[in-house]
Amino acid sequence: MTNVRALAAQTLFQVVDKGQSLSTVLPNAASKLNPKDKALLQQICYGVLRYLPTLEHYCQQLLDQPLKGKRRVYQFLLYVGMYQLQYMRTPEHAAVAETVNALQSMRAPGLKGLVNAILRTFQRQFSELEDSANRIPVCQYNHPSWFMKKLQAAYPDQWQDILAANQDQAPMWLRVNQAHYSVAEYSELLDEAGISHCLEPRFEDAIVLDKPCDVYLLPGFREGACSVQDAAAQLAARLLNPQNNERILDACAAPGGKTCHILELADANVDALDADSERLLRVEENLKRLGLHAHCIHADASTPNDWWDGQPYDRILLDVPCSATGVIRRHPDIKWLRRNTDITDLAQLQQQILENIWPLLKPGGTLLYATCSVLPEENCDQVAAFLQNTDDALHQPLHQDDTPTTPGLQLLPGLSDGFYYAKITKRQ
Ligand SMILES: C[S@@+](CC[C@H](N)C(=O)[O-])C[C@H]1O[C@@H](n2cnc3c(N)ncnc32)[C@H](O)[C@@H]1O
């Protein structure tokens, strides 16, 4: 099947109904398409996932009964059609005709009449439908209600801004490999290549592009001149502050963005560990492109007795598995794949990893705890409990309001992704 709208409907069905991640399903679907259609497929899938509750509401209003069982995928095709009509610049007649045509390649020509009728009614009744959606909070903000409640409790003044930022398209940030070029030098190379961009002094290795572009158009990308990495993620290596010849553990390393950054900043002996062997291959690919070396270990960070050689580490980066609620704008499927109950399970795993990795740190050594979450359970609550229960853990403030009872630096999505960092050293 190479019809882009049909592929979008199938992809969305796999994500929303079958619980698969968009980053797994989308590349597979896109591999069948030319570059222009690939971009369209991505735009439609991201867009529908961003506005899913609103589109579901429209369908509920327009269909006598929801499409169920084997017909469920056609409901996603309706979302695809409605998304183009409401949010894209596709001419209306083309949006309807192309969506109806997709049924041919989905081997359901018998549904053409129904899909055509629903989309035409949607066009006619759009303003009433939009008004009714705006009266329902889940449709107004297009996030699950459990998550909105958690955000309201944690950020009474900022929760709406966070939800709005999550609906935006994420910018493309580059991390300049300062072992090759300074940021100013690389900025000149980008100017010469006609790639418009800005520098952001708060992030010392970072450049943000005005428009995302193919990485192979970036000067020296193949040779390791830069990497694609959000500015907030770039803080990890800078806060860890690696030094030459140190022994460093990156305990949840894949795909290796932060491992490589650590090695760009220092000639250190890095163990890059991850529990996922497939993802660990990505670490090796990234190291290779950048001409760097780390010792990659496929193991579970929560059970170091199975793999640790007994040599303590000078520094440890713990970029633990988390809800990824700080990177929703890059992965809108997170909103529909995560459940409220996952947060408790994740917090337990994070606590286990933190407690079991701590003995591997040298006295006087530094541990940086990191997540791409905005939820306190995974961030400041987690670190505050650890500090309270661990005699030899010393809290190191990252800013003036970073205290042992509300520790860490919480970045919210906006300029950069949402990220959390806390720095802890071990008493000598
Ligand atoms: C947030 S990602 C790490 C991103 C990485 N630090 C980077 O900058 O590219 C979390 C990683 O933890 C890994 N992971 C999950 N559970 C783990 C465990 N028990 N032990 C080690 N790694 C684990 C996942 O496979 C995932 O690659």
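Domain 1 spans 4-138, domain 2 spans 173-228 and domain 3 spans 232-426, with bounds that come from an automatic or database domain assignment. Taken over C-alpha atoms, the centres of domain 1 and domain 3 are 38 Å apart.

This is a predicted model, in which local features need pLDDT of at least 70 and side-chain atom pairs count only at pLDDT 80 or more, while totals for chains, interfaces and linings use all residues. Residues are numbered from 1 along each chain as its sequence is written, and side-chain values use heavy atoms, with hydrogens and water left out.

The ligand is surrounded by 18 residues, and K258, D274, R279, A301 and D319 are the closest; a residue counts here if one of its heavy atoms lies within 4 Å of the ligand. This shell comprises 10 nonpolar, two polar and six charged residues. In this grouping, Ala, Val, Leu, Ile, Met, Phe, Trp, Tyr, Cys and Pro are nonpolar, Asp, Glu, Lys and Arg are charged, and the others, Gly among them, are polar.

A polar side-chain atom of D274 lies 2.6 Å from an oxygen atom of the ligand. A nitrogen atom of the ligand is 2.7 Å from an N or O atom in the side chain of D319, and a backbone N or O atom of C252 lies 3.0 Å from a ligand nitrogen atom. Of the 600 Å² of accessible area that the ligand has on its own, the protein covers 85%, as computed by the Shrake-Rupley method with a 1.4 Å probe.

The structure holds one cavity of 30 Å³ or more; a cavity is a set of points, on a 1 Å grid over the protein atoms alone, where a 1.4 Å probe fits but cannot get out, and lining residues have an atom within 4 Å of a point. Residues lining the largest cavity include W146, F147 and R338.

How values were computed
A polar contact is a pair of N or O atoms within 3.5 Å; within protein, one must be able to donate a hydrogen and the other to accept it, and residues adjacent in sequence count only if both atoms are side-chain atoms. On a 1 Å grid over the protein atoms alone, a cavity is a set of points where a 1.4 Å probe fits but cannot get out, and a pocket is an open set with protein on both sides within 12 Å along at least five of seven lines; lining residues have an atom within 4 Å of a point. Grid points are joined across faces, edges and corners, and a volume is the space filled by probe spheres set on the points.
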